[in-house]
Amino acid sequence: MIMGQAFARMKFGLQLGVLTLMAAVMVVVAPQAALAQDAATAETVAAAETEVEAAGGYTPMAPTEGKGMPTAFEDDALKSMTFQDQYTADGQYALWMHDAILMPLITIISLFVLALLLYVCVRFNRRANATPSKTTHNALIEVIWTIVPVIILVVVAVPSLTLLAAQYENPPEDAITVKAVGYQWYWGYEYPDHGVEVVSNMLTEEQAAASGEPFQLAADNRMVVPAGVPLRIQTTAADVIHAFAVPSLWFKLDAVPGRLNERMLVIEEPGVYYGQCSELCGPRHAFMPIAVEALPMEEFEAWVLENGGSIPGTEEVAEADAAEETAEEPAA
């Protein structure tokens, strides 16, 4: 009996010693592992920043004359009366629909109606037709003028519904989010995934001329985004209803106080694209320009870092690397 109790006390003492030793090891190892993880995170973030800086950093892009901006009548009278060149898939489709379907149909119908009016004026005036016809009904004509417009509307409806559906396509999960907020009378751009926020005001005429940009369209801080990737553009307003509109990107979305509107945008090539608030919002409504600068991804990331933001995913990669290093330490 006494031997059994002694053996039990000895066994308990050994277990207590092992637990104490393990606790001491954890006290020593845990801070080192945490420091190693923090160091790996810092090294990965620094490496990402160094890589972006090595790519050349951010330099504001100079606009291209005639690209992303309206054309003056003095420069090109015909182009000043039509749509701007489009740099999104939806815009190119809409421009094709306008040029290939709507304008030919409108032209043909207008000329046809004009020809009928001229014919009626010449053929059925009082001098040429002293005794007017008493015809009140013609079944063939009524069938034709009912069926032909229906066919025309169907022809127009198919591409119209296709374009409408494309404009309501939802952005993917990994789309870059930009929130445009309308104020009286300027724009604010927030990048929730990158921790960046900028305020955009119109440049004076002298400042716009110095930077080679069109007056009343140039802004001191542009909405900088990457080209060729899906963007989640969200709009809202802080005071009254505004509208975020960029004609050359075929983009227009109302900014309503207390409401968050959203639409996907993919800009096909780098460039500077100009727009304006398109909702009457007060006496300085005409002085709310929008300047969208689309850059290659490396230059966009450089812009984010220069504005005090961070690149999403960098910390997760660093933590994964640190976890791998920590897991390898006990084996070593």
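This is a predicted model: local features need pLDDT of at least 70, side-chain atom pairs count only at pLDDT 80 or more; totals for chains, interfaces and linings use all residues.
**Entry 1: strand β6**

Two strands pair if DSSP finds at least two bridges between them. Within this pairing, Phe 244 has Cys 277 of β9 as its bridge partner.

Residues are numbered from 1 along each chain as its sequence is written, and side-chain values use heavy atoms, with hydrogens and water left out.

Next I looked at β7 (residues 251-255), which is antiparallel to β6 and joined to it by 5 bridges. His 242 sits opposite Ala 255 there. The two strands make a hairpin with 4 residues between them, and in the turn I found Trp 250 with a positive phi of about 50°.

Is β6 covered on one face or on both? Both: His 242, Phe 244 and Val 246 are buried on one side, Ala 243 and Ala 245 on the other. Buried means under 20% relative accessible area, exposed over 50%, and partly exposed in between (1.4 Å probe, protein chains only).

**Entry 2: Cys 281**

I found Cys 281 in the loop between β9 (271-277) and β10 (289-295). Its relative accessible area is 5%, so I logged it as buried. What does Cys 281 touch beyond its neighbours within four places in sequence? The contacts (heavy atoms within 4.5 Å) are Gln 184, Trp 185, Val 240, Ile 241, His 242 and Met 288. I also checked Ala 243, 38 residues away along the chain; its C-alpha is 9.0 Å from that of Cys 281.

**Entry 3: the open sheet and Ser 200**

Then I traced an open sheet of 5 strands, in the order β3-β2-β1-β5-β8, with mixed pairing. Its edge strands, β3 and β8, each pair on one side only. On average, neighbouring strands are turned by 20° against each other, direction ignored. Inside the sheet, β1 (residues 176-183) and β5 (residues 231-237) are parallel over 7 bridges, and Thr 177 faces Arg 232 of β5. Helix α5 (residues 297-306) packs on this sheet, touching β1, β2 and β3, and its direction makes about 90° with that of β3. For such angles, axes are lines fitted to C-alpha atoms, for helices over the stretch in contact, and values run from 0 to 180 degrees between N-to-C directions.

In β3 I picked out Ser 200, which counts as buried because its relative accessibility is 2%. A polar atom of its side chain lies 2.7 Å from the backbone oxygen of Asn 221. Among the residues in contact with Ser 200 are also Tyr 186, Trp 187 and Tyr 189.

**Entry 4: helix α2**

Last, α2 (residues 89-123): its 35 residues reach 50 Å from first to last C-alpha, close to the 51 Å expected (1.5 Å times one less than the number of residues). Where is the kink in α2 centred? On His 98, with a value of about 35°, the bend being the angle between axes fitted to the seven residues ending there and the seven starting there. His 98 is also one of the buried residues of α2, which include Ala 94 and Ile 101. The cover over these residues includes α3 (139-167) and β8 (261-265).

Technical notes:
A polar contact is a pair of N or O atoms within 3.5 Å; within protein, one must be able to donate a hydrogen and the other to accept it, and residues adjacent in sequence count only if both atoms are side-chain atoms.
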